[in-house]
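Open the model in your viewer and keep the selection tool ready. Each stop below tells you what to select and what is there.

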Amino acid sequence: MGRHYKWVALSNTTIGMLMATINSSIVLISLPAIFRGINLNPLEPGNVSYLLWMLMGYMVVTAVLVVSLGRIGDMFGRVRMYNLGFLVFTVGSILLSVVFFTGPAAALALIFFRLIQGVGGAMLFANATAIITDAFPENERGMALGINAVAAISGSFLGLVIGGLLSTTDWHVIFLVSVPVGLFGTVWAFLKLREIGIVRRASIDWAGNITFAVGLIAVLVSITYGIQPYGGNTMGWTNPTVLTELIGGVLLLVAFVVIERHVESPMFRIDLFRNRGFTFGTLAALLSAVGRGGLMFMVIIWLQGIWLPLHGYSFEQTPFWAAIFMLPLTGGFLVGGPVSGYLSDRFGQRLFSTAGMLLAALTFGLLTVLPADFAYTPFALLLFTNGLAMGMFVSPNTAGVMNSVPADRRGVAAGMLSTFQNSGMTLSIGIFFSLMIAGLSNSLPRTLFNGLTQHGVPAHVASGIANLPPVGSLFAAFLGYNPVRTLLGPALTQLPEPTSAAITSNSFFPSLISGPFISGMHLAFYFSTVAMLIAAVASYLRSGRLPRFAAARIERTAALRPPVVAPATAHSPRRPVVTISSSFGALGGEIGPRVAERLGVPFVDRAIPMRVAELLHAPLSEALEQDENVESGVARILAGQVDVLPEFGLQEPPPVQQEPAEATIRDATSAVMHEMADRTGGVFLGRGGMVVLRDRPGVLDVRLDGDEDGRIALAVAHGVPENDVHRLLWQTDRARAAYMRALYGVDLHDPRLYQLVLDTTQIPLEACVDMIVSAVQALVSTNVAQPTAAFVPGASAQRT
């Protein structure tokens, strides 16, 4: 496993996200072929619900379930839930591909099987981000999450192209194509992915799950039906059923928040919103999803309903070619995501995510300048720039959100982030269709009536068509139908042939509605511009630098750190100081206390995060989360058993609302180690002691190591469960190495960091203790100062 595992995890989750997002849009472009195949006209009043649920059912299910499934992943294993998601998704794809009957029954079956696909997709969405976060060190997560996020977003656009190609043969193929990919991904994930994250068992929050699911479903369903006509209105927002669903859903979500604040193991971690990085990152993600979803739907309608017909494409061809002409948007994502992820790992997330949203706002504003029949080159450049901007935002924003949460909450955090993103996509459909319909309803009836009567259509027929709800024209263009032919129906046969040919030509309808359409489009793009600007503000407000309260505490802790005195005799330790760096299974936890007992000094391990928390007036859980040994010591931490040193009079500090920044806790850790070394001496296990205390004369730095098989045998012999030992070895060694590399820029395996390196798999435990004690006594008696290696970076280095 080791160094290659992170790339296996990234490759598999990228395939999973691509498959899930491709299938979210592959149906969008294939709807005309599907409805023709099942002999159903989706524009007939009784069939519009089938159309909307085929379009939105998948997104509704993923939005509703993703948090619950992320929380369950935290409790029972993210990899386990992810693997199950691959399997469920594949089963749903198989069922969809074997619907060979027709009529309303076929539509209902397709909707139901799409919901099954949505359950599998929610399992993939909920856990993929957390699996990547577990697998990659913090200084590489931006790049990894960027690749995964770009794959997910690009999948929604690739689905348009793939659906356009495959639906021209047989619509069943668009579902069947996912089956081999799903089977391969399921087997590969089962064989190669390992549970390396923190799994914390807890009871399922049934009350929270039910109120959240019912509440969010009610809200999203009300949006689905709110864009349909009701009575004499062009939309259904005055429909009592829609209002009941909307208001009732909001009330249930309010009840859900109340429940989550009082249950023991909440599904939705409300306390995560105390975290500034999580709160503003999630808000920015929601707003960007609303703008991105609106762009996709509006541009598709713009291309299919106006631009492509004006340029000689038949209405039947427009769904496929709309996807082709939107490829610059995907290209922008593919460039912006990985590049910004890579750069944000080095220069911070806030700069790139904020700049991405500002650039996206600019592109939305510039899109309002284009005429209905635009030149393609500037349009393509704006699409590419918009994709670039969204890619610039998504990668660092996702990394920033995931880096801001504790390791044992990454599943629920990823689920919450995905819920806001998926809900934003669904909300965008309701918002943008409503804005478009509002814009069209002012001038479309008059424009249609005048245009039709001027071409000889009888006034009563023209009046009937002009007063139809504008949503009919939108859906007709969206599905690639000839709107005039569809709206006139049998009345078309009663018109003279020249008139019929003129009004059903490719140019008549686009030329007729281009004015009203652009008015509605401008409203939608103005909304997107405002949403992007608010998202930019939210992104800027994330924790880009240390909070004021944290900076003040750094100054206080820095005062505790003794000055470095060059002459060895000027700063000789009053009592022995030993630092021990130990690989997993190399018996650091057993050798350290024995050495401390022999030397008559404290063994300093778990007291360090206790003192850090007390010093910063911070929650103990935050100090433990940033502590190097949290992974290896997670069992005792979760049990709540914390040994304290009477010499320091430590007590667990009361919790506070704000969370100290990562760099604050780590700087405080360094100061605490100096403080303890000054007061009592001690044997310090881990936490970069060989770097932090390197300027102190008379300190012995020891490295305990050995081959993996030997360390595994020692760990099992000392009580580590055999089923967990391989995972714990890889997980703990990786966490400690990443900690040292990211914070101090050193390789903890470098022998130049130590005076004594012991292979505890070959040398007996007591012999190791004897050797360390003898070395300390010799070092103290001769008062030999520890050499300062020039290649070791400064211990006070900070990362944003």
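**Stop 1: salt bridges**

The count comes to 6 salt bridges, each a side-chain nitrogen of Lys or Arg within 4 Å of a carboxyl oxygen of Asp or Glu. This is a predicted model: local features need pLDDT of at least 70, side-chain atom pairs count only at pLDDT 80 or more, and totals for chains, interfaces and linings use all residues. Residues are numbered from 1 along each chain as its sequence is written, and side-chain values use heavy atoms, with hydrogens and water left out.

Select Arg 598 and Asp 770. They form a salt bridge, with the closest N and O atoms 2.9 Å apart. Arg 598 lies in helix α22 (residues 588-599) and Asp 770 in helix α30 (residues 765-782), so the pair ties together parts 172 residues apart in sequence. Helices are DSSP runs (H or I, at least four residues), numbered from the N terminus.

Is Arg 752 buried or exposed? Arg 752 counts as exposed, at 57% relative accessibility. Its salt-bridge partner is Asp 750 (3.0 Å, N to O). Asp 750 counts as buried, at 14%. Buried means under 20% relative accessible area, exposed over 50%, and partly exposed in between (1.4 Å probe, protein chains only).

**Stop 2: Asp 733**

Select Arg 703, Asp 705, Arg 711 and Asp 733. A network of salt bridges links them. Arg 711 and Asp 733 form one, the closest N and O atoms being 2.9 Å apart. Arg 711 lies in helix α28 (residues 708-717) and Asp 733 in helix α29, so this pair ties together parts 22 residues apart in sequence. Arg 711 counts as buried, at 5% relative accessibility. Now turn to Phe 584: the side chain of Asp 733 reaches its backbone nitrogen at 2.9 Å.

**Stop 3: Val 66**

Val 66 sits in helix α2 (residues 48-76). Val 66 counts as buried, at 0% relative accessibility. Select Val 412 too: the two C-alpha atoms are separated by 8.7 Å, though the residues are 346 apart along the chain. Not counting residues up to four places away in sequence, Val 66 touches residues including Phe 125 and Thr 419; contact means heavy atoms within 4.5 Å.

**Stop 4: helix α7**

Which residues of α7 are buried? They are Ser 178, Val 179, Gly 182, Gly 185, Thr 186 and Ala 189. Seen down the axis of α7, they fall within an arc of 130 degrees, so they line one face of the helix. The arc is that of the directions from the helix axis to the C-beta atoms. These buried residues pack against α1 (5-37), α3 (78-97) and α6 (173-176).

Key
Helices (H or I, at least four residues) and strands (E, at least two) are DSSP runs, numbered from the N terminus. A polar contact is a pair of N or O atoms within 3.5 Å; within protein, one must be able to donate a hydrogen and the other to accept it, and residues adjacent in sequence count only if both atoms are side-chain atoms.
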